[in-house]
Amino acid sequence: MTDVTDDPADVGSIGDRLRALRTEHGYSIRALAERAEISSSVISEVERGKTEPSISTLKRVAAALGTSITYFFTAPSQMNGHVIRAKERITISPAGDNGHEARTSMKAQGVHFELASPNESEVLEAIFGRYEVGASTGDELYSHEGEEWAMVLKGRFKITLADEVYFLNPGDSIWFQSTTPHKIENVANEVSEYIWIDTPKSF
């Protein structure tokens with residue numbers, strides 16, 4: 001086979017990336033081999049770093065996995081800001097006791113916030129919010145600069161915007177200017193969750 005690298009460690013990394021992407025797609029070695037029209041043994045040996053794949057082999061595999069050959073030669077990184085895994089979300093507090101700026105006008109109780117966007121984001125901030133039964137952002141409406149968009153994932157929320165009231169169910173979304181006094185309440189008989197996006201960043 002034609003060498004694509006002179007470093008044996010790189011061959012191993014190609015195999016690791018191949019195995020990871022194949023697993024993410026949910027393909028068995030045999031299923032991928034059929035899609036790529038190559039033998040299962042070749043894929044198995046590449047994944048285990050036992051053989052150096054040819055360019056043609058990598059092209060076939062890449063096409064079968066919906067990517068390009070360069071995927072196998074770029075260093076994978078969990079810190080590139082593109083993906084925030086659920087278990088990697090940073091917990092943030094309205095009180096500002098974890099290094100994030102406090103949203104002082106919010107008196108939330110029974111509310112859990114996690115940062116769902118990367119710190120590298122300059123103007124956009126996505127928050128995963130979980131509200132216990134009866135929880136809210138406080139008794140008083142609050143406001144700040146910017147604009148907001150949100151979508152309910154679970155449960156039911158009551159959103160108060162100045163003199164207007166909206167009830168949102170799973171799949172419903174809302175947008176408004178953040179200067180409008182607002183308040184968020186969980187009105188479901190269960191934990192309610194949402195994804196809330198602010199711009200500019202407000203925590």
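Is Glu47 buried or exposed? At 4% relative accessibility, Glu47 counts as buried. Buried means under 20% relative accessible area, exposed means over 50%, and partly exposed lies in between (1.4 Å probe, protein chains only).

The model is predicted: local features need pLDDT of at least 70, side-chain atom pairs count only at pLDDT 80 or more, and totals for chains, interfaces and linings use all residues. Residues are numbered from 1 along each chain as its sequence is written, and side-chain values use heavy atoms, with hydrogens and water left out.

**Figure 1. Overview of the protein chain.**
The protein chain holds four helices and nine strands. Helices (H or I, at least four residues) and strands (E, at least two) are DSSP runs, numbered from the N terminus. The order from the N terminus is α-α-α-α-β-β-β-β-β-β-β-β-β. Of the 203 residues, 39% count as buried. The accessible surface comes to about 11300 Å², and 49% of it belongs to carbon and sulfur atoms. Accessible areas come from the Shrake-Rupley method with a 1.4 Å probe; for residues, only the protein chains shown count as cover. Among contacts between residues at least 6 apart in sequence, 65% join residues at least 24 apart. Contact means heavy atoms within 4.5 Å.

**Figure 2. A salt-bridge network includes Arg19 and Glu47.**
Side chains of opposite charge can pair when their charged atoms come close. A salt bridge here is a side-chain nitrogen of Lys or Arg within 4 Å of a carboxyl oxygen of Asp or Glu. A search of the whole structure finds eight. Asp16, Arg19, Arg22 and Glu47 are linked in a network of them. Asp16 pairs with Arg19, with 3.2 Å between the closest N and O atoms. Both residues lie in helix H1 (residues 8–25), three residues apart, about one turn of the helix. Asp16 is partly exposed, at a relative accessible area of 43%. Arg19 is also partly exposed, at 31%. Glu47 and Arg19 meet in a salt bridge of 3.9 Å, N to O. Glu47 lies in helix H3 (residues 40–47) and Arg19 in helix H1, so this pair ties together parts that are 28 residues apart in sequence.

**Figure 3. Arg130 and Glu193 form a salt bridge between two strands.**
The closest N and O atoms of Arg130 and Glu193 are 3.3 Å apart. Arg130 sits in strand S3 (residues 125–136) and Glu193 in strand S9, and the pair links distant parts of the chain, 63 residues apart. Arg130 counts as partly exposed, at 25% relative accessibility. Glu193, at 16%, counts as buried.

**Figure 4. Helices H2 and H4 cross.**
Two packed helices are described by the angle between their axes and the distance between the axes. The axes of helix H2 (residues 29–36) and helix H4 (residues 55–64) come within 8 Å and cross at roughly 105°. That makes H2 roughly perpendicular to H4. Axes are lines fitted to C-alpha atoms, for helices over the stretch in contact, and angles run from 0 to 180 degrees between N-to-C directions. Angles under 35 degrees count as roughly parallel, over 145 as roughly antiparallel, 65 to 115 as roughly perpendicular and the rest as oblique. Leu32, Arg35 and Ala36 in H2 meet Arg60, Val61 and Ala64 in H4.

**Figure 5. A nonpolar patch on the surface includes Val187.**
Val165, Phe167 and Val187 form the patch, with about 230 Å² of accessible area together. Patches are made of residues with over 30% relative accessible area and no salt bridge: like charges are joined within 9 Å, nonpolar side chains (Val, Leu, Ile, Met, Phe, Trp, Tyr) within 5 Å. Val187 lies in the loop between strand S8 (182–186) and strand S9 (192–199). Val187 is partly exposed, with a relative accessible area of 33%.

Most residues other than glycine have a negative phi, and most peptide bonds are trans. Glu37 is not a glycine, yet its phi is positive, near 60°. Glu37 is in the loop between H2 and H3. At 63% relative accessibility, Glu37 counts as exposed. Ala162 also has a positive phi, about 55°. The loop between strand S5 (157–161) and strand S6 (164–168) holds Ala162. Ala162 counts as partly exposed, at 37% relative accessibility. Thr199 and Pro200 are joined by a cis peptide bond, with omega about 0°. Pro200 is in the segment after S9.
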